[in-house]
Amino acid sequence: MILVENLIKTLKKNKINFFTGVPDSILKNFSSHVENFPKEKHVIATSEGSATALGIGYYLSTKKIPCIYLQNSGLSNAINPLISIASKEVYSMPLFLMIGWRGAPRKEDEPQHMAKGKITPKLLKLLKIEYCILRERKDLNKLEKIINIANKNKSIVACLIEKGTLQIKNKKRKSLNNKFIFRAEFIKEFLNEVPKKSKIISTTGYTSRELMEIRKNNKLDNGKDFYMVGGMGHSSSVALGYAIQSKKEVFCLDGDGSMLMHLGALRTIGYLSNKNFKHIILNNNSHESVGGQLTTAGGVDIKKLSSSVGYKNYFIIKDKKNIKSKIKSFIKAKGPSLLEVKINNGSLKNLSRPKNLKKIKDQFMIN
Ligand SMILES: Cc1ncc(C[n+]2csc(CCOP(=O)(O)OP(=O)(O)O)c2C)c(N)n1
């Protein structure tokens, strides 16, 4: 166990004062410590690639090492700027990566995390990124050594952190918003209305888990689901790829964090203009699945955004008032259409996780 306060103290002692990244559940106590820092000290990025680039900019501007934090699944988003800009063979820049290690050996985790967890140390070795594993307080010495190496060699270094390692002294309580509808309430209404033969592609985290749970518990079997247990930010592109080749109605159940991660996909959707493409953004202005850290979706006018990239229709649901008729209108309208659902933070308890993934895929692919 390591106290976040001690981790931050060690980083500060070693002149690391700027943090940028994409939130992760393993690092949520760390997030909670840095979340209110001013923008010169902390930036929540939309993707791990952007976080790396922000860190590179910070280094160019200050000559100091940035801390770039991420879940190991996002390491692949970061690899492009890491290798093609920051690596020793290119510009040789000192960067420090703090990586939440999902699927670490001997820790039980979901299949997508086990797959990435197993190769994470190998990937770092391949990328010639020196790393240490932080498990207990004395490992903070290893952290100092790694940072010295980054400084001396102008190189990228990393630490891996497993589930349950980071604890915090002063836990701040998050206030829950109750103004809007809950995700689960919307999903249930939606499943009641969705056409029988439609296809639903749902994003990473609670959205896919709630969709699966609500179907199961209420025996709602209209439409077939494909759960994007990984590949955060890509569910709309998967849905588009399907829709282009099909006459079926295709629905993407997306999150605001996920939408922002690969925002460019929206323009491809608008540009291709498939009538059967229907996009639902469940907007809670946060990364709820990994601890509720804010996204920057709150300041986005999604109506204007969607029309400017070429969507044909925009709908909004904030509460249960007229929800059935609003969902019906959205389903009926010719796409590409976007339905923004303003939701509260708060999810169903004891959610199960999609397990038999190959079976889920096979069932989805049956016409
Ligand atoms: C590439 C990548 N980075 C980070 C994560 C960790 N992660 C899983 S769900 C999630 C939050 C997604 O936020 P949003 O799409 O708004 O959905 P919500 O959790 O609020 O339902 C994050 C950051 C991940 N799975 N993949």
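Keep in mind that the model on your screen is predicted.

**Stop one: a charged patch**

Is Lys12 buried, partly exposed or exposed? Lys12 counts as partly exposed, because its relative accessible area is 40% and that class runs between 20% and 50%.

**Stop two: a nonpolar patch**

Next, select Ile85, Val90 and Tyr91. Together they make a nonpolar surface patch of about 290 Å². Zoom in on Tyr91, which sits in the loop between helix H4 (75–86) and strand S5 (95–100). Tyr91 has a relative accessibility of 58%, so it counts as exposed.

**Stop three: aromatic rings**

Time for some rings: the whole structure holds ten aromatic pairs. For one of them, show Tyr242 and Phe364; their ring centres are 5.5 Å apart and their planes meet at 70°, so this pair is edge-to-face. Which helices does the pair link? Tyr242 belongs to H9 (residues 235–244) and Phe364 to H14 (residues 357–365), so follow the chain from one to the other and you cover 122 residues. Colour the two by accessibility as well: Tyr242 is partly exposed at 22%, while Phe364 is buried at 6%.

**Last stop: a cluster**

Finally, select Phe186, Phe190, Phe251, Phe315 and Phe330. These phenylalanines form one aromatic cluster.

How values were computed: Residues are numbered from 1 along each chain as its sequence is written. This is a predicted model: local features need pLDDT of at least 70, side-chain atom pairs count only at pLDDT 80 or more; totals for chains, interfaces and linings use all residues. Side-chain values use heavy atoms; hydrogens and water are left out. Buried means under 20% relative accessible area, exposed over 50%, partly exposed in between (1.4 Å probe, protein chains only). Patches are made of residues with over 30% relative accessible area and no salt bridge: like charges are joined within 9 Å, nonpolar side chains (Val, Leu, Ile, Met, Phe, Trp, Tyr) within 5 Å. Accessible areas come from the Shrake-Rupley method with a 1.4 Å probe; for residues, only the protein chains shown count as cover. A salt bridge is a side-chain nitrogen of Lys or Arg within 4 Å of a carboxyl oxygen of Asp or Glu. Helices (H or I, at least four residues) and strands (E, at least two) are DSSP runs, numbered from the N terminus. Rings of Phe, Tyr and Trp (its six-membered ring) pair if their centres lie within 6.5 Å; planes under 30 degrees apart count as stacked, over 60 as edge-to-face and the rest as tilted.
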